[in-house]
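Trainee: Could you take me on a close look at one part of this model, and then show me how the rest of the chain is laid out?

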Amino acid sequence: MTEQASGKVDMEKIVSLCRRRGFIFPSSEIYGGLSSCWDYGPLGVELKQNIKQAWWRAVVQERDDMVGLDASILMHPETWRASGHLQGFADPLVECKNCHLRWRSDDLTGNNCPSCGGELTEPRLFNLMFKTFMGPVEEMANVVYLRPETAQGIFVNFQNVVNTTRKRLPFGIAQIGKAFRNEITTGKFIFRSREFEQMEIEFFIKPGTDEEWFNYWLEERVNWYVKLGIKKESLQLRQHSKEELAHYARVCYDIDYLFPMGWAELEGIANRGDFDLVQHASFSGKSLDYFDEETKEHIIPHIIEPSAGVDRTFLALLCDAYDEELAEGEIRVILHLHPTLAPIKVAVLPLSRREKLVALAKQVYVDLRPCWMANYDDAQSIGRRYRRQDEIGTPFCVTVDFQSLEDEQVTIRERDTLNQIRVPIAELKKTLQAKLEGEDLFVLPPGGSIWKEGESS
Ligand code: GAP
């Protein structure tokens, strides 16, 4: 990570919005919190779910060459000897002799404790895997690990997937799931936590086609972020130096995002070669090779791995979508989230709490609810209610006013342009569907009109 600050939104503003509106809370907060663990609140869980769905749709549902998997978090401990994590998944740790805080030595710029200036111990390697025990007896023979990456669940199931799906090379296995790392340096909100979620693809290819597929996935994955609305100029590719490469990787690029604290990794794309299948075949004694029908040869496929973090994608999307405007002397916070990702797609707002209006608005709300995550809000002025929805990224508000009682029409207001149209209630669902899919607001349904202020009140 560079020291260069992005000059965009402050991290404090994102943290404050997340807390204020129920996107993210500190884990077990009533007990003082648990360091580097976070709980996703009512809006956070929706956004997170939408990110995972968008990823799954792009890499599994819309492709013929990918299948999904959901492997267990706890795996046979031999997995981690074979993968090299027991020996190699470690960071150099130093401890301050004065205040006893611990630091990653490769994160430090000086030779002293960044907190109190005290003298530091010599670095020693610290394994990042969390240990626990399987069964009632806490002894070494029963040690198991919380997986530090989801990838290994895919490698050990390679043969199962080939046998049951009859997939031929090149093809991939995709998985979303929790991973755990006992990180030494944490902080920066959800950027680096000890429990996080990964979206990983292991793409199995014929040896010799590595470069072609590596470049394909680099482009594909950058485009995915751009399609979801992340600005191109906030993304960059960075190649790992030889010293930086993980023990399994031949080549690795990071897709970096310009976070508030500077450029940092959003996703890693690695060429893992045949490292993992060779290791697991050797440690398990089971063949993990693949019969190539074309050449009639048994081969060990190579693997290209695009590995993304759900939490980092969440953070990048929030930072990129965050905007402030001065409106009528007040700061209007807007989240310009892509409609696919917005936690709430539509809010239904009666202009007042008059009984007849409320009844009609609730009827509209109940009718929309099965189609999308919707909100009903009748508290405070209409202006305040619009602001509340802008702040959580709701792309459309539907206003029910007194004229609606007579003409059975409602107003749709668009978050980003503030444009408004008036449409028959009977056309509302179809119209919203089209607008959520990207159709211009001013393409009107039968009976629709451009709404002009004052006309309907
Ligand atoms: N299987 C390869 C692998 O795990 P990685 O670069 O260590 O590679 C992949 O992790 C992605 O997982 C990262 O790009 C990041 O988005 C996410 N990630 C890794 N460690 C994380 C942490 N401590 N907190 C949040 N996300 C993390």
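Mentor: Two strands count as paired if DSSP finds at least two bridges between them, and the elements are DSSP runs numbered from the N terminus: helices (H or I) of at least four residues and strands (E) of at least two. This is a predicted model, in which local features need pLDDT of at least 70 and side-chain atom pairs count only at pLDDT 80 or more, while totals for chains, interfaces and linings use all residues. Residues are numbered from 1 along each chain as its sequence is written, and side-chain values use heavy atoms, without hydrogens or water.

Let's start with the open sheet of six strands, ordered E20-E19-E21-E22-E23-E24 with mixed pairing. Its edges are strand E20 (374-376) and strand E24 (449-450), each pairing on one side only.

Now look closely at strand E19, residues 346-350. On one side, E19 is joined by five bridges to strand E21 (residues 396-400), and the two run parallel. E19 also pairs with E20 in the parallel sense, over three bridges. Val 348 is a handy landmark for both pairings: Val 348 stands opposite Val 398 in E21 and opposite Tyr 376 in E20.

What about the side chains? In a regular strand they alternate between the two faces of the sheet. In E19, Val 346, Val 348 and Pro 350 point one way, Ala 347 and Leu 349 point the other way, and all are buried. Buried here means under 20% relative accessible area (exposed is over 50%, partly exposed in between; 1.4 Å probe, protein chains only). E19 is thus mostly covered, with five of its five residues buried.

Next comes a helix. Helix H11 (residues 382-391) lies across E19, E20, E21 and strand E22 (409-414), running at about 170° to E19. Contact means heavy atoms within 4.5 Å; the angle, on a scale from 0 to 180 degrees, is between N-to-C directions of axes fitted to C-alpha atoms, for helices over the stretch in contact.

Elsewhere in the chain you can find another open sheet, this one of seven strands in the order E3-E9-E10-E16-E13-E12-E11, again with mixed pairing. Strand E3 (66-69) and strand E11 (235-239) each have a single partner strand, so one side of each is left without a neighbour in the sheet. From one strand to the next, the twist averages 25°. Within this sheet, nine bridges join strand E12 (residues 251-259) to strand E13 (residues 262-273), and these two run antiparallel. Tyr 253 has Ile 269 of E13 as its bridge partner.

Val 162 sits in H6, which spans residues 158-165, and is buried because its relative accessible area is 9%. Leaving out residues up to four places away in sequence, Val 162 touches Lys 167 and Phe 171.

To step back, the protein chain has 13 helices and 24 strands. Of its 457 residues, 51% count as buried. Its C-alpha atoms fill a box of roughly 75 × 65 × 45 Å along the principal axes. Among contacts with a separation of 6 or more, 64% come from residues 24 or more positions apart.
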